[in-house]
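Have a look first, then read on.

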Amino acid sequence: MELPTPLRLAVEAALEGIPLAELKRAADLLSRRYRAETRDGTLHLSSDLAARAYLATRLPATYAAVRASMESAAELTPDFTPKSLLDVGAGPGTALWAASDCWPSLEKAVMLEASPAIRALGQELSRHSQLLETEWRAADVARNLADTGPFDLVTLAYVLDELSPEEGLRLVERLWQAAKGMLLVVEPGTPAGWRRMMAVRKRLVDQGAHLAAPCPHAASCPLKEPDWCHFSRRVARSRLHRLAKGGEVPWEDEKYIYLAAARFPGVAAEARVLAPPKASSGKIELKLCLPGGQAEERLVTKRDGEGYRKARRLDWGDVG
């Protein structure tokens, strides 16, 4: 998955002229902070250079994860045509670009972001989008999130890992109240990200939310540690991306976990594929999450006819 062309060109312009050595140092520091889930009172994107390093090294992957999450939600909510978006912890506008690509019905967006550096870049990038009505606001989402009117779609992507568990759940409750259609939460696909998402999932189910995706049920998650639910998207790396991260291969895999909670029931999913299918001669092994609340390892063979042909088309994260 690649960035939309207007966004890619705008990012390239924003990175032009920055010395590679400076960009690489900023990218290394940013990567260490994200991996350690550092919470020291300092914003990860506290400087202009850190914000531009994020554009070079993280935006392609977070865009891919958010866009894939939206695609999965849209698949099971075909009548959902949001016109308004509230994005909390907006960064450079990742969810804005992903949502306008996924839902052409989108007309306006309000973007909340605490970091002045990444907010300024996001505002500049959003001028190249097709969405004409976009408002950027300064907001510390953990402490002084202002009252927000109802929005069709509310997004919270890669934010909870910067908050305490209590702050995160309070924020999710407020955003659920602001969502008159759907709340989409996306987190890194790590065991810690999954644990955070399970707490969010329980809180939203208790609030009466319908789980549109990825879960085909509202029962307790059947997976037990050290196993955890997550998905993956392969992301093409630009030359600058490879140089800034010191990578050699032209791609990277972004692992993520997401939850789409809706005010309305979606299409019932038969199952969700929880891992890459294992194919061998005449058979396919699938790890599935089922509507009854169970996780199951299923073997499909050529003898299953149409079931086998369908299984051959399935990939990790698909509805089975």
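Q: What do the buried residues of α7 pack against?
A: Keep in mind that this is a predicted model. In it, the buried residues of α7 pack against β1 (84-88), β4 (151-157), β5 (179-188), α8 (191-206) and β8 (251-262). The buried residues themselves are E167, G168, L169, L171, V172, L175, W176 and A178.

Q: How do you know that the span of helix α7 agrees with what it should be?
A: Helix α7 covers residues 165-178, and at 1.5 Å a residue its 14 residues should span 20 Å. The end C-alpha atoms of α7 are 20 Å apart, so the two agree.

Q: What makes the contact between α3 and α6?
A: On α3, that's D48, A51, R52 and L55; on α6, A117, I118, L121 and L125. By class, that gives six nonpolar, no polar and two charged residues.

Q: Why is α4 called oblique to α5?
A: The axes of helix α4 (residues 59-76) and helix α5 (residues 94-102) come within 9 Å and cross at roughly 40 degrees. Roughly parallel would need an angle under 35 degrees, so α4 counts as oblique to α5. The crossing of α4 and α5 is right-handed.

Technical notes:
Residues numbered from 1 in each chain as written. Predicted model: local features only at pLDDT ≥ 70, side-chain atom pairs only at ≥ 80, totals over all residues. Heavy atoms only, no water. Helix = DSSP H or I, 4+ residues; strand = E, 2+ residues; numbered from the N terminus. Expected span 1.5 Å × (residues − 1). Buried < 20%, exposed > 50% of the residue type's maximum accessible area, 1.4 Å probe, protein only. Contact = heavy atoms within 4.5 Å. Nonpolar A, V, L, I, M, F, W, Y, C, P; charged D, E, K, R; others polar. Axes fitted to C-alpha atoms, helices over the stretch in contact; angles between N-to-C directions. Parallel < 35°, antiparallel > 145°, perpendicular 65-115°, else oblique. Left-handed = near helix turned anticlockwise from the far one by under 90°.
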